[in-house]
Amino acid sequence: MGRGMNKIALQLLLVASLFAALEQAHGIPAFARKYGLPCSACHEAWPMLNNFGQTFKDNGYQLGNGRDAPIYQEPSYWPVMFRTQGFWHRENNNRQAVDSVPGSAGSGQVEASLTTSGFDVGGVDFITAGTLYNNISFFVQPFIGNNNITLSQAWARLDNIAGSRWLNVKLGKFELDQPISQERSLILNNTGALYYNYFFTPPGDNNFFQGVGLPQLGVELAGHSANDYTRYSVALVSNSNGSPNLPSNKAYDVYANFNQAFEVPHLGSQQIGVYGYFGESPTYYQTSGGNPIPGTGLGNKSFYRVGAYGHWYVDKFDFYTFFMHGSDNVFLGNSVASNHPENLPLGAVGPTWNGGFVEGHYNPTPRWIFLGRYELARMSRQANPSIRSDAGNLDTWTLGYRWYPIMSPRAGLAWTQEYSRITNPGAAPISGLDNIRNTYLMGFDFDF
Amino acid sequence: MRTSFKKTFAAVAALVFLWSMSAASQESHIGNLTGNAKRGKALYTRYCIYCHGPEGDGRGESALYMDPKPRDFTKAVFKCRSTPSGTLPLDTDLYNTISRGVHASGMPSWKPLLRQERADLVAYVKTFSSAFQEEKPGEPVVIPAEPATTAESIKRGAELFQTMNCWSCHGKDGRGHGPSAATLADNKGNPIAPFDFTSGTQFKCGETNRDMFRDLVTGLDGTPMPSFVGAMTADQRWDVVHYIRTFATSKSHAAAKNDTVGQ
């Protein structure tokens with residue numbers, strides 16, 4: 001009995017020692033390497049920024065402590081980091097069209113529930129960023145996928161022009177000042193990682209909008225108060241969804257964002273904001289041999305996305321609330337060239353819809369974050385009256401957590417587990433019933 | 001019986017007094033804010049521990065690479081104060097340092113944190129030294145109205161800069177390369193460089209002329225920068241301030257817009 005108790009006590013002591021050792025380690029992610037700060041200084045839980053990190057970013061990756069210029073760094077310091085993931089995941093789609101006899105295209109199709117699972121990796125983000133000089137910052141981010149390399153972001157920024165933090169100009173390919181950053185999503189799996197409202201396209205619409213969600217090519221004017229409680233940004237971007245080489249379709253889009261935060265005693269910071277994206281997309285192109293020539297879009301028609309959002313803190317809990325209203329021109333909504341209005345279906349109108357999400361976090365320590373998100377989109381007016389009213393609607397939710405067991409002086413490591421589910425009413429390809437996809441993922445997310 | 005009651009009463013009173021002193025040391029008071037050390041500890045762990053260390057002794061993991069070294073809170077010696085040299089700072093002094101940062105060091109401005117959070121951090125920083133339980137902060141120094149900057153005041157300041165030996169550390173051109181610069185050390189024996197007055201409009205403990213005047217009165221405790229309270233009159237200190245400003249003539253030295261308290 002006594003020896004048994006001693007053994008249990010020893011085991012408990014060993015476990016306690018392990019946790020104690022982990023709790024005493026603190027991390028320095030890429031930028032923090034330059035300043036010697038822990039990653040928790042800038043991140044609520046990386047990659048999600050806290051207000052100090054947002055201020056640092058808005059200030060051109062500068063702390064303003066007289067140690068920002070590269071001249072203060074060791075000559076060998078090279079501001080490079082990478083981020084990647086290794087994980088196991090399982091996905092199930094409840095109604096997917098399959099050949100009734102596998103391998104026989106003529107056997108007819110039926111719906112089947114398909115499940116896939118296995119180990120995987122998430123590609124690699126390389127990021128080099130920082131300051132070229134006092135008040136000149138930069139960011140370059142190549143992404144290596146399974147079969148390709150893309151340039152996610154590449155920009156330079158003039159910071160604090162004329163000594164004013166209200167005047168900062170960025171040029172290149174960059175993430176817009178989104179209400180909630182798609183690039184900093186805490187969720188990794190295929191189903192839950194996207195903020196669907198950022199990419200929503202109504203049924204029958206050919207305006208495959210990605211303007212808010214993906215980095216865009218353009219120029220941005222932005223500014224902020226000293227504590228970042230008041231922020232604004234206005235961007236003029238090419239209508240190319242971020243694709244380089246001038247497929248801009250002779251149109252420019254405008255995005256604007258404004259937010260204001262307040263300190264509420266006993267609760268914390270409360271932020272509200274409004275945003276809008278206004279643009280045009282081509283409805284047809286110059287062609288060669290019948291094939292559209294990129295960058296020659298014609299018959300541009302308008303669309304917009306507008307909305308409001310909030311970020312609410314209740315001590316260690318925080319919640320994002322987000323609303324979006326979207327509208328596309330009737331020609332875009334029906335995928336009809338504007339020089340052929342006779343092709344519009346009877347009763348055609350511009351589609352409109354509303355959407356939003358609530359995302360909550362519980363962050364008891366810098367090492368743990370528990371998260372949940374519910375997102376929805378609802379069509380309020382279909383472009384073509386023959387389309388069922390709820391086509392395109394979606395409901396998705398995610399539950400998960402991230403644990404940061406090791407945050408060494410040069411790296412960060414997160415263990416994550418998450419479950420996501422998306423429901424598209426009436427989207428099953430044959431039966432017209434609800435289409436549901438479930439995803440479970442667990443694995444490591446790490447950077448160095 | 002009566003003596004026994006008196007002894008018991010005295011013991012209870014002493015315990016209550018000690019408890020109240022201890023509780024007070026767990027708090028900070030900045031304006032209408034009351035900082036709480038328990039909440040401050042969580043914030044310290046998130047933001048400060050990597051430089052100042054888990055024990056507050058300035059020996060965090062990043063300290064090795066930092067110049068100047070992070071402050072050792074266990075010694076209760078602080079550079080930026082409104083109180084005389086050798087005395088404890090006010091809570092507002094610590095709050096202002098956290099809010100403003102310390103220019104030309106690794107300490108950034110933590111103004112993006114909530115005011116309550118900064119007050120909580122002050123409360124926790126005070127727990128690292130028993131001095132905050134045993135002593136009271138000094139009385140804030142008085143800063144008289146600033147006379148106008150004139151060619152004469154600058155000239156007088158230049159002469160004082162020589163006679164007071166400011167140049168031996170800060171250099172004749174104010175760049176911090178005086179003949180004594182290489183020999184200077186802080187109160188823990190770490191090498192420390194004199195401030196470069198040509199680097200801009202900000203100083204270690206603020207950016208207004210009043211801030212610089214105050215530094216001349218209080219000194220920067222824990223560094224070789226002494227108090228000149230007995231060595232110069234108030235007018236002479238203003239003259240030195242006016243002269244030092246000429247080292248960064250291309251920069252504006254308009255009044256600071258810091259989120260500071262009590263200045």
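Predicted model: local features only at pLDDT ≥ 70, side-chain atom pairs only at ≥ 80, totals over all residues.
R305(A) stands opposite G326(A) in β15(A). Strand β14 of chain A, residues 301-314, is joined by 12 bridges to strand β15, residues 317-328 of chain A, and the two run antiparallel. The hairpin that they form has 2 residues between the strands, and in this hairpin D315(A) takes a positive phi near 55°.

β14(A) also pairs with strand β11 of chain A, residues 268-281, again in the antiparallel sense and over 12 bridges. Here K301(A) of β14(A) has S281(A) opposite. The two faces of β14(A) can be told apart: the covered face carries K301(A), F303(A), R305(A), G307(A), Y309(A), H311(A) and Y313(A), whereas S302(A), Y304(A), V306(A), A308(A), G310(A), W312(A) and V314(A) make up the uncovered face.

Attention now turns to the nonpolar cores. The largest of them has 46 residues, and V122(B) and V125(B) have the most contacts inside it. Two or more residues each are given to this core by α2 (30-35), α3 (39-42), α4 (51-58) and β17 (368-381) of chain A, and by α2 (37-47), α3 (49-52), α4 (91-100) and α5 (115-125) of chain B. α5(B) provides the largest share, 6 residues. Leaving aside residues up to four places away in sequence, V125(B) touches F73(B) and L94(B). Apart from this core lies another, of 23 residues, including F78(B), A104(B), F195(B) and V217(B). In soluble globular proteins, nonpolar side chains tend to be buried together.

Methods
Residues numbered from 1 in each chain as written. Chains lettered and ligands numbered in written order. Buried ≥ 20, exposed ≤ 12 C-beta atoms within 10 Å, placed from the backbone. Helix = DSSP H or I, 4+ residues; strand = E, 2+ residues; numbered from the N terminus. Pairing = 2+ DSSP bridges. Core = buried A, V, L, I, M, F, W, Y, C linked by C-beta atoms within 7 Å. Contact = placed C-beta atoms within 7 Å.
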